[in-house]
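Welcome! Here is a friendly briefing for anyone meeting this structure for the first time. Take a look at it below, and then we will go through it topic by topic.

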Amino acid sequence: MIQFCNPRRSVVATLLVATTIFICGNASAGEFNPTHNIGDQVAGWSKLPGTDGREHSMEDLKDREVLVVVFSCNSCPYAVDYEDRVNALSKKFIESKINATVVAINSNKVSADLPPAMKKRAEEKQFSFAYLFDESQEVCKQFGAVRTPEFFVLNRERRIVYMGALDDNTNPELVTKKYVEDAVAAALRGEKIATAETAPVGCLIRFDRRRSRE
């Protein structure tokens, strides 16, 4: 049986959504990011445990001109599909002595994404980048990240110059635009980023659900 949409209900629903966005929306939010816009500065992270057994802070990377921060995990198939591409980008920076670095941050807390599993994954894939655990989930919230993988390119002042997807296709053979790599190159040259924001494609980050007090 076909059910037709009730026009009155549709109008009411639209008005409710619009009102919610107006009341709750962040004036500085980007097109796809609920928290930040291009040009916003981020505080970063401090003392996040990495798969290398050390604690990491963004301050440790103060000598890097550009940072690529990717929110990723083990359990999302999209994140897994992008692992090799992220690793290749990191290795390119290292081997070409490009003054940029990649940092991956995992904010999920399901068993498949906890530190022991992260360490195993990093060793199996021989990650050339730091893979950090954001147990409090405060870092991903600070960035406004909601998906895995989701990428942010930060310039020397640690302002966001790009945020969104790594490239324009989940199939590596069909990629025609490398958004992150192009953003890094432009940032190193001090030039404006041609495409500064795209929609991230991936699984939703599994945020903790807190029960409201009665």
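**A first look**

The link between Cys76 and Cys203 is right-handed, with 85° about the S-S bond. This is a predicted model, in which local features need pLDDT of at least 70 and side-chain atom pairs count only at pLDDT 80 or more, while totals for chains, interfaces and linings use all residues. Residues are numbered from 1 along each chain as its sequence is written, and side-chain values use heavy atoms, with hydrogens and water left out.

**The disulfide and other cysteines**

- A disulfide is a covalent bond between the sulfur atoms of two cysteines; here the term is used for a pair of cysteine sulfur atoms within 2.5 Å.
- Searching the whole structure turns up one disulfide, which joins Cys76 to Cys203 with an S to S distance of 2.3 Å.
- Cys76 sits in the loop between E3 and H2 and Cys203 in strand E9 (residues 203-204), so the bond ties together parts that are 127 residues apart in sequence. Helices (H or I, at least four residues) and strands (E, at least two) are DSSP runs, numbered from the N terminus.
- Cys76 is buried at a relative accessible area of 3%, whereas Cys203 is partly exposed at 24%. Buried means under 20% relative accessible area, exposed over 50%, and partly exposed in between (1.4 Å probe, protein chains only).

- Five strands form an open sheet in the order E5-E4-E3-E7-E8, with mixed pairing; two strands pair if DSSP finds at least two bridges between them.
- E5 and E8 are the edge strands, each pairing on one side only.
- E3 and E7 pair in the antiparallel sense over five bridges, and Val68 has Val153 in E7 as its bridge partner.
- H5 packs on the sheet and touches E3, E4, E7 and E8, its direction making about 155° with that of E3. Axes are lines fitted to C-alpha atoms, for helices over the stretch in contact, and angles run from 0 to 180 degrees between N-to-C directions.
- H3 lies across E4 and E5 and runs at about 170° to E5.

**The nonpolar cores**

- A nonpolar core is a set of buried Ala, Val, Leu, Ile, Met, Phe, Trp, Tyr and Cys residues joined through side-chain atoms within 4.5 Å.
- The largest one has 29 residues, and those with the most contacts inside it are Val68, Val102, Val153, Val180 and Val184.
- Which element gives the largest share of this core? It is H5, with six residues.
- Val184 is in contact (heavy atoms within 4.5 Å) with Val66, Val68, Phe93, Ala100 and Val153, leaving aside its neighbours within four places in sequence.
- Another core, of 20 residues, lies apart from it and includes Val42, Leu67, Val69 and Val139.

**Aromatic pairs**

- The structure holds six aromatic pairs. Rings of Phe, Tyr and Trp (its six-membered ring) pair if their centres lie within 6.5 Å; planes under 30 degrees apart count as stacked, over 60 as edge-to-face and the rest as tilted.
- The ring centres of Phe71 and Phe152 are 5.9 Å apart and the planes stand at 85°, so this pair is edge-to-face.
- Phe71 and Phe152 are both buried, and together with Phe143 they form one aromatic cluster.
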